[in-house]
Amino acid sequence: MNKQQTVIPKRALNKDDLIVITGAGGFIAGALTRYFHDKGFTRIRAIDKKPLPDWYQRVPGVECLPMDLSEKDNCIRAVEGAVEVYNLAADMGGMGFIERFRVECLRSILINTNLIEAAYRAGADRYFFSSSACAYNTTLQQDPDVRALKESDAYPAMAERGYGWEKLMSEMFCQEYWAERGLKTAIARFHNVYGPNGTWDGGREKAPAAICRKAIEAKDTGKYEIVIWGDGHQTRSFMYIDDCVKGIDMIMHCDELIATPINLGSSELVSINELVSRVEEIAGIKLERKYDPAAPRGVAGRNSDNTFIKQVLNWEPNTPLRDGLKKTYAWIEQQYADRKAGRRVVEETW
Ligand code: NAD
């Protein structure tokens, strides 16, 4: 979406410019914080409402602030002096969470609404919003044999109840802050992200982490069974975390993509049954599959059409699922062993 006839002033990001990352106690923003730190950025402010001991990652030299960003005053404090703001804070989880807690999901709109206004007033140069494939029209996702979703498929709108509508409305805020006020915004629609240092137990975890944990539990208990939500035929694509943070950086710094929602996801489609098979291979076991048709299962099929990202960035998330799953499995296995040995691990509870 181009602001009418505007010449976009170029401002290269300096290594000592202040970068603000919200939701940084969580999975993706935690990894993004480490990514910018490792790239040599020296002033990063990381914010999350969780108490510090519960953050998945604490990156040395990063200013960490536990604050609730649904509050306007906290948002003003959060973005003081910021050159770039990355908003990844949201009350969210896998299907089990977003189907059950729609009000919590919708209330995340307070975070983006207050944060983008604060960022604009503070004179931030760029603002990133983490949207989701759940913003897409659900009527296009009723068959496991899906046509991959392209960016225009969000409208006419029929987003996922609760969570998806919040994302769609917040996207619109980002588009209008550019159109009306000239704040450079970036909007990525993430498709399922997985990897180490994310939620793996407690109810908010997503399918890859949940299946890895169930396989590890089966090995540990000798009870070689797995309960699969739905009939296992539902299809998804899964993006490895390293691709996600790289994509965020590229999307945020591409002027052609200002205020333009874009898919950030893998296009390697698998069914949940196939995902279980991949995890079985890694674990070196076979599980007896039991299906729970009453469990939350989400849409029947969803994949990312990467035509647009390849055209604009000449890149798409490309870590093979098998490689990413191996690393994720190894990390969860270690977490599981640590917890069993009485060592502290970070878990979600709700
Ligand atoms: P996460 O739950 O691990 O991280 C989100 C963090 O936001 C949490 O640590 C939470 O404490 C924090 N938060 C929630 N409310 C807050 C508030 N009021 N103030 C401050 N912090 C608050 O989730 P994630 O997987 O890292 O997701 C990050 C972003 O990406 C979210 O916007 C999510 O909707 C989006 N997304 C994620 C996926 C995925 O597969 N993980 C897919 C699509 C979109």
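Tutor: What follows is a walk through a few charged pairs, one after another. Please keep in mind that this is a predicted model. As a general point, side chains of opposite charge can pair when their charged atoms come close.

Let us begin with E117 and R121, whose closest N and O atoms are 2.5 Å apart. Both belong to helix α5, and because they are four residues apart there, about one helical turn separates them. E117 is buried, at 17% relative accessible area, whereas R121 counts as exposed, at 67%.

The pair of D125 and K184, with its closest N and O atoms 3.0 Å apart, links distant parts of the chain, since D125 lies in the loop between α5 and β5 while K184 is in strand β6, 59 residues apart. Here D125 counts as buried with a relative accessibility of 16%, and K184 is buried too, with a relative accessible area of 5%. Elsewhere, salt bridges that share partners join D201, E205, R213, E217 and R339 into one network.

Finally, K49 forms a salt bridge with D91, where the closest N and O atoms are 3.7 Å apart. This pair also links distant parts of the chain, 42 residues apart, with K49 in the loop between β2 and β3 and D91 in the loop between β4 and α3. K49 is exposed, at 55% relative accessible area, while D91, at 16%, counts as buried.

Key: Residues numbered from 1 in each chain as written. Predicted model: local features only at pLDDT ≥ 70, side-chain atom pairs only at ≥ 80, totals over all residues. Heavy atoms only, no water. Salt bridge = Lys/Arg side-chain N within 4 Å of Asp/Glu carboxyl O. Helix = DSSP H or I, 4+ residues; strand = E, 2+ residues; numbered from the N terminus. Buried < 20%, exposed > 50% of the residue type's maximum accessible area, 1.4 Å probe, protein only.
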